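Here are my notes for you to read alongside the model. Take the points one at a time, with the structure open beside you.

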Amino acid sequence: MSKDKKGGLKRRDFLKIIGVASGTAAVASSCSPPVEQIIPYVIPPEGIIPGVPNYYASTCRECPAGCGIIVKNREGRAIKIEGNPESPINSGSSCAMGQAALQGLYNPDRVRSPLSNINAEKLQPLGWAEAEKALTEKIEELRGSGKTGNIVFLSNNITGSLGNLVDQWMGALGGKHIQYETYAHEPLKEANKISFGIEKIPTYHIEKTDYLLSFGADFVETWLSPVEYTKQFSQMHGVKDKSVGRFVHVEPRASLTASNADEWISVKPGTEAILALGIANEIVKSGNSPNGGGGLRGLLSQYPTDKVSEMTDVPQEVISQIAKEFSSRKPSLAIGGGVSVTGTNATETLVAINILNYVAGNIGETVDFGDTLSISTADSFQDITSLVSSMENGDIDILFVYDVNPVFTLPKQLNFKEALGKVPFVVSFSSFMDETTELANLILPNNTTIESWGDYSPRESVHALIQPVMSPVFNTKSTGDVILSVSGQVQELNGKFTQTTFYDYLQDSWKQIWAGASGAGDFDTFWKQSLEKGGYYKDLPSKTVSVSPAVASLKFSEAEFTGEGEFYFIAYPSYKYYDGKGANKPWLQELPEAITTGVWSSWVEVHPDTAKKLGVEFGDFLSLESPQGVIETQVYVYQGIRPDTLSVMIGQGHTSYGRYAKDRGVNPIDMLPLATDAKSGGFAWLSTKVSAAKINKSEQFVQTQYTTTQHDRDIAQAISLTELEKGVHHEEHHEPDFYPPREYDRYRWGMAIDLQKCVGCGSCVTACYAENNIAFVGKEMVAKRRDMAWIRIERYFEESNNNAGFQTRFLPMMCQQCGNAPCEPVCPVFATYHNPEGLNGMVYNRCVGTRYCANNCTYKVRKFNWFTYKWPEPLDWQLNPDVTVRSKGVMEKCTFCVQRINHAKDLAKDEGRDVSDGEFKVACEQACPAEAIVFGNLEDKESEVSKQSHDDRGYNVLAAINTQPGITYLKKVTQDKA
Amino acid sequence: MSEQNTLTYARVNDDIIRMLDKPTFKWWALFLPTLLFVGFGLFCFIYQVYTGLGVAGYRHPVFWGVYITDFVFWVGIAHSGTLISAILFLFRANFRMSIYRIAEGMTVFAVLTAGLFPIIHLGRPWNFYWLFPYPNQRELWVNFKSPLLWDVFAVSTYLTVSSVFFFIGLIPDIAAVRDRVKEVPRKILYSVLSLGWKGSNWEWLHYTRAYLFFAAFATPLVLSVHSVVSWDFAMSNLPGWHTTIFAPYFVAGAIFSGLGMVITLTVPIRKIFHLEDYITLDNYDGMAKLIMLTSGIVGYAYGIEFFMAWYSGSPAEWGQFYYRAVGEYALFYWIMVVCNVVIPLPLWFKSVRRNIKALFIISIFINIGMWFERFNIIVISLSRGFDPAAWGIYTPSWVEIGITVGSFAWFFMFFLIFLKTLPAVSIAEMKEILPVPKKEAKTS
Amino acid sequence: MSDKQGVLGVFTYLDETLNAVKKLRDAGFKNLRVFSPFPNHEIEEVMDEPESIVRFFTLGGAMLGAACGVGFTVLMSSDWPISVSAKPIVSLPPFMVIIFELTILMGALATLLGLLINSRLRRNVPTTMYDTRFSEDKFGVMITCEKENVKDAEEILTSQGAEDIKFDGV
Amino acid sequence: MKKGTKILSIPLLSIFILLGFYFYNAESSDQGPKQPIPFSHKIHAGEDQIPCEYCHSFVDVSPNPGIPSVKKCMGCHQHIVGRDVDYDFDGTTINIKNEIAKVREYWANKEPIPWIKVNSQPGYLHFTHKRHIQRGFECAQCHGDVASMDQVSPAYNMNMGFCISCHTENAKDQEELTHLKDCLTCHY
């Protein structure tokens, strides 16, 4: 086995599988090429043609939503993840986390082989046989001593085959399988149990609604199924024949979701329940309720608007207005249960929201109990606490940890870490050296989703398949296989499992699904189809539910807060790091957080008045103190948060977990008390008050946009709903021109971006990084504004006469592919020019780096390679062979994914036709969950993009400069009351 | 011309050729440090090429900084040299006679320095030759529509023409030196350089003609070159760059800074080599008057820029100039205004114009002010473009400062060598303004 | 040329020099040459040589330069037409700059050439018929004539106050 | 003498440039790298008349022509052990039998054969064999008469001029010409 110098990867082995390994790493420099080897296959794998990509359907497991993905594979390397259009969940789109899964796969800090410290001080690498033997011995030893009940398998919510396998295994060993989800949404289940007698989390149909009222449900970020609900939202909120749906968001801070709302109602933390009931009462009072409030009139009458208003800090007129709209604009929907607002009264809040929906007659309309989420089956927080206590009592002898990081995600007060120390034998299946795995005695690194077989059922209607897209990068093994082979070695378990590989087990369990599926033909075809489609999807009839009378007698209280501090403390889950899982992926670290545009760190959001009071400014450091702990972090002054509230993002502050995550920012979970929601026993995230004090430290707040307003440049434009209804004439911009307009024969590639749909989630940015080999540069470089992103999401706070007083606008800005590009004429060497298909070509290898093009770029979208940026191996295996890797001294920018255009044209040429509309998608368009980006041929008058670019709302950014951009933006629609 | 009456042809030769005597300790004390700094600048450049341009302070969106500032600064310096030697020659302004050689030397060396920066600032300097239209296997030419290419042509033309002009002017004087020096090596050197000049009426006939034509060429050239340099900016659409007044504004600025530099250089030379009889107060007076004029033009440009920005009604334009006056770079802006507009004001008084010390000090401030003018135009404009999302601040790094210092050293290195090798004051032309020796004049 | 000989008179005063020239010419001497440390109009008048032809070099060079300018820009641009920001491939306004610069460049170089050729600046070391004082403060008159006339020439020169007389070929 | 050089220098300079221009396009004199096994294209493609596509089988469907897998080699060399004779391989004498034995060795160890790339293009150039083959170009047009080479060496140094001249000659019409001379066709 020849070891590779770098990283000790068995490069040769890898090459044996992946075959021709040239290309990729070449750079645009004029130096003579080194001696290149071409390594042929020993045995050519079926259906792989070097140079031609293969696509495999699989399932994303970065969060519980379980989106379908398609993984692009070149020469045996997974190089790009895209949403699977077949999947009913994300139907083609993906989020930043999903895109970045590749950097999990190729993460240089992965556990590269089994490790154990059984007969050594520190963790030592060992072979799989040894490792499994070690585990087998432990189990046997335990069984010998008769203490069989003391095995616990702690995993995240793994439904499907692996889940079953683990259950069976634990059953056989007499152990327990506990499924721990950081965000388990117990209150949702409990509330539904109370209100409808169904302990399940339903699916919602936001797209059907005309009026959406969210009580802190951050569905654009992390709530239940972000991609799906963002897509639904953009359908509901997008412009359809001159009308748009209305979205009102109630939360103490203006989260990214709230920033996309037409109204952000800043409510006193923990009083959402009261507000919901107040609104319901208002509806019933005004007789707008179809069912007249049923048996709840009595209950509701206790919540007169004036009282509610003063309890919740929400003005009366606002309450009555919401009530009016909510009951009049049908169908409407109220949702809740965002993690950041889960207080000690979370269940009550959600019951109240159910009541509101019931009163407005939405149950069954836009809430679907026919198809419920499988996260419902996750174990509750109480099970975790009891586990911890039994660990502390030494009742646990073997603890298996699978794909969870409780040391990081559980509140310090629970002392999980200490309890773990009391467990004699801890086995981690994690592929990453996270805080929990560090403390394990035996590490059996699992394959990542992209390397292993499996399945996952995020909801009843979906059985999603996971298939290996490439052979393991490191010496890792899928946990299913480990369990089976270990079971094979343990005497008592002999013959327990007929299968020897997890693949067999998977197929066997799918035989049952196949049996359940009607008219699926024989199993093999069913299996093939499912693999192609990424799983088996069935339609379930929606179930009608009725509110149980018990609700009427329910007591509704305000949330309780511990701690003497004067500020409510919000720890909110991040759409970049989820519960901290994403923090080891440079793409996510470098993706600017939508509101602050901050990168590579954490911060605390402080209201301007509060900041003045505390005497801190943007960039200063605050010390936040709660009874449980102290964190010191940087101030971001933000008008979108209540003066009596401070908030910090969850996900940073790792003490381990690889070079990109380690010692970066702070972990707000350390601040949280061990409070639970009274009714469901779920963890209460919003339950503490903290005190804040300025500390004598100040740094540059590293972000990608230093301005908050547009300075009258009219870049992100908006149109009021009334104007839109009146119908404005789309001003085709025609500056007097010195030269005749340019002619195009077949193609003129163009793009349309709908600002009404764009939610600023940044998945396009990450997709662009992945597709175009864009270098991540790290915090120090971003601090010097040297980030290389080809797309930036511009974020502007606009004066507004809505309740919040401001409105947030997002605008994805990339190269506008100008027809009259300022960058082109100034280049002395034709390194950038206008190509016959309307692209603004950038020829890296011709560039000498005068940088005049960037100076003259009206939109400042060109990025310069100040250094030759490196990808630590094996991150560079992800690089797209179809895109040049740029070297120092070269300008670069968005190319409209010219490699995809050329590929499509190549295929079209094989069939002797032109490229047809929608035949291919550019990376950002493909990723966008909101379907805000449309790309296509402007010469084809029928194409979607040409239709949209002649839309009434269409405009070019900075049109007065007459650059004649190829990108048309569609104005955002403001619904502010006149 | 009271002092000059004491001058005779012989004395002119003596005095001026004496300047070429063996370098003194003083000279070495000046020369060696320049070598040192040139070395450091070179090191910085190599380091930059090796590591990447990131070692400079550049950052999005400020893609040009100190290097281009230096480039424009040095080109500017170059200009007054040609102005004095060519334009004033055409105007037959006699006060040029004694200083034009120094000014021309300055021109040549300044262009030599300026020419380095476009290459230094490249992202891939090893490909700089791609900017020239040479036949290559790619069958690819250059983009003649790019202002940068105009620069390539303008600057290289300027360098060639000004050095030829410089050399032509030198021929008779070199001959004079040749006829003086005894040691063989220098004798040979000067013989070769003098091209066997004998001062016959034939030679003078063609010489004067040719010189006239050179002057006639150099004049439009000097105007065009700095106009082209200004178009590097004016041709863009960036607020703060995209204005029509740039060409005259830059030319005036160039002459302004150039004259400043001439004074800065001549004052010490005059003192050290005792050229009081040659470089007279009248000469300085004349230059000071020119400085007054150009300073006025520059000041006017500063003012009118603001008016135009306001009058344009474009938020980008006005935003830019408002930012210049009060933004992060306001200090630099006001340094510029004070140095270039306020400090030269005393020159309105004759007493100041004829006071060497005062002139010297003012000239130093002018140099500083004009460097900052270029810095402001380039950096401030870039840091605030059209799109607020892409605004950013630039601060030079030690590498850039090192190379800038190196460039000054590089310039002075050449200048010091020049002082010791070539007659720094034109012998022949000094004689032209002396009264012609006539027998009658003597006898009567 | 053995029958020809050169005579060189060295003068201090310009008027004497000029008188000498006049006298010599009256005495029928042809091809005279005057040396002076600086250009002087009176000398030019007296000698009245034909107008220098350097100007034709200059003109030719300049015109050639302009032609090259046009040629370069137009031909090279259309050789591989690459379109930048909707401008025509051959657009003269930007080309004017190049054309102008090349005009100047070639004009100047041609002038230099013209000077070098016409003023016979070939030899690196002047002939014996030269006095180093010419580059300092003396004027000189040189006559090339038949051997038998040398005497007359010498006479005229001395009569006009030549302080030193040289002959070559002896 | 000064003037002399001045006048001379101009034609000299231009001559140098033209020479450089000429040599740039001249045929490559590269000998070709030493391969782990002296594989003779002369024998395979020449004497045995095996068509290029047999081994480089992806040439008409993929940008890369594809290098034959060891399996493919064994496809024949299972049976063909090779004559036990000396063979003059570009000057070096090799024994065919021994050399073929090496192939079987690789196969036995399931090791790939680390061939050295002969014709390689920089990464900023995206050349596709597919298009050119489908357009009906012969391999020899760029790779030279491989069938007569033992050790394959680059026939031409395939620089941009090489591509462009061919593109210009073979363009059907103006539209195709613009496309074939469009930078983004190959550089992205």
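How many salt bridges does the rule find across the interface of chain C and chain A? The rule finds 0 there. Keep in mind that this is a predicted model, in which local features need pLDDT of at least 70 and side-chain atom pairs count only at pLDDT 80 or more, while totals for chains, interfaces and linings use all residues. Residues are numbered from 1 along each chain as its sequence is written, chains are lettered from A and ligands numbered from 1 in the order in which they are written, and side-chain values use heavy atoms, with hydrogens and water left out.

1. Chain C against chain A. The contact (heavy atoms within 4.5 Å) takes 8 residues from chain C and 11 residues from chain A. Together they bury about 880 Å², with 66% of it on carbon and sulfur atoms. Buried area here is the accessible area (1.4 Å probe) that two parts lose on being put together, summed over both. Look for Ile82(C), Ser85(C) and Ala86(C): they supply 52% of the area that chain C buries against chain A, more than any other three residues.

2. Chain B against chain A. This contact takes 53 residues from chain B and 54 residues from chain A. About 4400 Å² is buried between the two chains, and carbon and sulfur atoms give 57% of that. On the chain B side, His60(B), Phe63(B) and Arg124(B) supply 17% of the area buried against chain A, more than any other three residues.

3. The salt bridge between B and A. Side chains of opposite charge can pair when their charged atoms come close. The rule used here asks for a side-chain nitrogen of Lys or Arg within 4 Å of a carboxyl oxygen of Asp or Glu. Between chain B and chain A the count is 1 salt bridge. Arg792(A) pairs with Asp387(B), and their closest N and O atoms are 2.8 Å apart.

4. A salt bridge inside chain A. Over all chains the count comes to 66 salt bridges. One to find is Lys581(A) with Asp403(A), where the closest N and O atoms are 4.0 Å apart. Lys581(A) sits in the loop between strand E21 and helix H21, and Asp403(A) in the loop between strand E15 and helix H15, so the pair ties together parts that are 178 residues apart in sequence. Helices (H or I, at least four residues) and strands (E, at least two) are DSSP runs, numbered from the N terminus.

5. Helices meeting across B and C. The axes of H7(B), residues 201-234, and H4(C), residues 92-118, come within 10 Å and cross at roughly 165°. That makes H7(B) roughly antiparallel to H4(C). For the wording, angles under 35 degrees count as roughly parallel, over 145 as roughly antiparallel, 65 to 115 as roughly perpendicular and the rest as oblique. Axes are lines fitted to C-alpha atoms, for helices over the stretch in contact, and angles run from 0 to 180 degrees between N-to-C directions. Residues making the contact include Phe213(B), Phe214(B) and Phe217(B) of H7(B), and Ile104(C), Leu112(C) and Leu115(C) of H4(C). By class, the contact has 16 nonpolar, 5 polar and 1 charged residues. Ala, Val, Leu, Ile, Met, Phe, Trp, Tyr, Cys and Pro count as nonpolar, Asp, Glu, Lys and Arg as charged, and the others, Gly among them, as polar.

6. A helix pair in chain B. H1(B), residues 9-18, and H5(B), residues 147-180, pack at about 85° with their axes 11 Å apart. The two are therefore roughly perpendicular to each other. Ala10(B), Asn13(B), Asp14(B) and Ile17(B) in H1(B) meet Ala176(B), Val177(B) and Arg180(B) in H5(B). These residues divide into 4 nonpolar, 1 polar and 2 charged.

7. Backbone details worth a look. The peptide bond from Glu873(A) to Pro874(A) is cis, with omega near 0°. Another cis peptide bond joins His60(B) and Pro61(B), and Pro61(B) lies in the loop between helix H2 and helix H3 of chain B. His185(A) has phi near 55°, a positive value in a residue other than glycine.
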